[in-house]
Amino acid sequence: DNTFTIINFDGISYLIYATINKSIISYNINEEIISIEIKNAHQSDITNFRHYHKKNTNKYIIMSVEGYERNIKLWDFMNWNCILSLSSIYRSGLIFSSCFIEENN
């Protein structure tokens, strides 16, 4: 569930997924090439992805979730900088899902 996400940026479709080596891959579907690989993006397996598109600024935010270590990271799709890392947000348990909520723009 949610182990990958697809976005369309400037007419190009990208498949975003994780590898068993904890890397995040952004794959350009139109050209059939890897556009970027973020090695060791998390400490353990990446279990979920979500994305958010702010239409008025054409900005994409990619959320990656490390369910077992309870870590959520937000990435700026344009430069793949990690803009937020929420570590161990629970004392125990797993993160099974995540979402973006937009309120009043």
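Guide: A disulfide is a pair of cysteine sulfur atoms within 2.5 Å. In this predicted model, the sulfur of Cys99 lies 19 Å from the closest cysteine sulfur, that of Cys82, which is too far for a bond. A search of the whole structure finds zero disulfides, and Cys82 is accordingly in none.

Visitor: Is Cys99 buried or exposed?

Guide: Buried means under 20% relative accessible area, exposed over 50%, and partly exposed in between, with a 1.4 Å probe and protein chains only. Cys99 has a relative accessible area of 52% and is therefore exposed. Cys82, at 37% relative accessibility, counts as partly exposed.

Visitor: How are the strands of a sheet to be read?

Guide: Strands of a sheet pair through backbone hydrogen bonds, either parallel or antiparallel. Strands (E, at least two residues) are DSSP runs numbered from the N terminus, and two of them pair if DSSP finds at least two bridges between them. Here four strands form an open sheet in the order S1-S2-S3-S4, with antiparallel pairing. S1 and strand S4 (33–38) are the edge strands, each pairing on one side only. From one strand to the next the twist averages 20°; the axes behind such angles are lines fitted to C-alpha atoms, and angles run from 0 to 180 degrees between N-to-C directions.

Visitor: How many bridges join S1 to S2, and how many join S2 to S3?

Guide: Six bridges join S1 and S2 in the antiparallel sense; Ile6, for instance, has Leu15 in S2 as its bridge partner. The hairpin of these two strands has two residues between them, and Asp10 takes a positive phi near 50°. S2 and S3 run antiparallel and are joined by five bridges. Ala18 stands opposite Ile24 in S3, and Tyr14 stands opposite Asn28 in S3. The hairpin of S2 and S3 has five residues between the strands, with Lys22 in the turn at a positive phi of about 70°.

Visitor: Which strands form the sheet that contains S8?

Guide: S5-S6-S7-S8 is the order of this open sheet of four strands, and the pairing is antiparallel. Strand S5 (48–54) and S8 stand at the edges with a single partner strand each, so one side of each has no neighbour in the sheet. The twist averages 15° from one strand to the next. Four bridges pair S7 with S8 in the antiparallel sense, and Leu86 in S8 is the bridge partner of Ile72.

Visitor: How does one describe a pair of aromatic rings?

Guide: A pair of aromatic rings is described by the distance of the centres and the angle of the planes. Rings of Phe, Tyr and Trp (its six-membered ring) pair if their centres lie within 6.5 Å; planes under 30 degrees apart count as stacked, over 60 as edge-to-face and the rest as tilted. A search of the whole structure finds seven aromatic pairs. The ring centres of Phe9 and Phe77 are 5.6 Å apart and their planes stand at 65°, so this pair is edge-to-face. It links distant parts of the chain, with Phe9 in strand S1 and Phe77 in the loop between strand S7 (71–76) and strand S8 (82–86), 68 residues apart. Phe77 also forms an edge-to-face pair with Trp80, at 5.7 Å centre to centre and 65° between the planes. Phe9 and Phe77 are both buried, and Trp80 is buried as well. Ring pairs link Phe9, Tyr14, Tyr60, Trp75, Phe77 and Trp80 into a cluster.

Visitor: Which residues touch the most other members of the largest nonpolar core?

Guide: A nonpolar core is a set of buried Ala, Val, Leu, Ile, Met, Phe, Trp, Tyr and Cys residues joined through side-chain atoms within 4.5 Å. Of the 14 residues in the largest one, Ile7, Ile16, Ile24, Ile62, Trp75, Phe77 and Trp80 touch the most other members. Strand S1 (4–9), strand S2 (12–18) and strand S6 (59–66) are the elements that give two or more residues to this core. A second, separate core of six residues includes Ile61, Met63, Val65 and Ile95.

Visitor: Where is Ser26, and which residues is it in contact with?

Guide: Ser26 is in strand S3 (residues 24–28) and is buried, with a relative accessible area of 1%. Contact means heavy atoms within 4.5 Å. Leaving aside neighbours within four places in sequence, the contacts of Ser26 include Tyr14, Ile36, Phe77 and Trp80.

Note on methods. Residues are numbered from 1 along each chain as its sequence is written. This is a predicted model: local features need pLDDT of at least 70, side-chain atom pairs count only at pLDDT 80 or more; totals for chains, interfaces and linings use all residues. Side-chain values use heavy atoms; hydrogens and water are left out.
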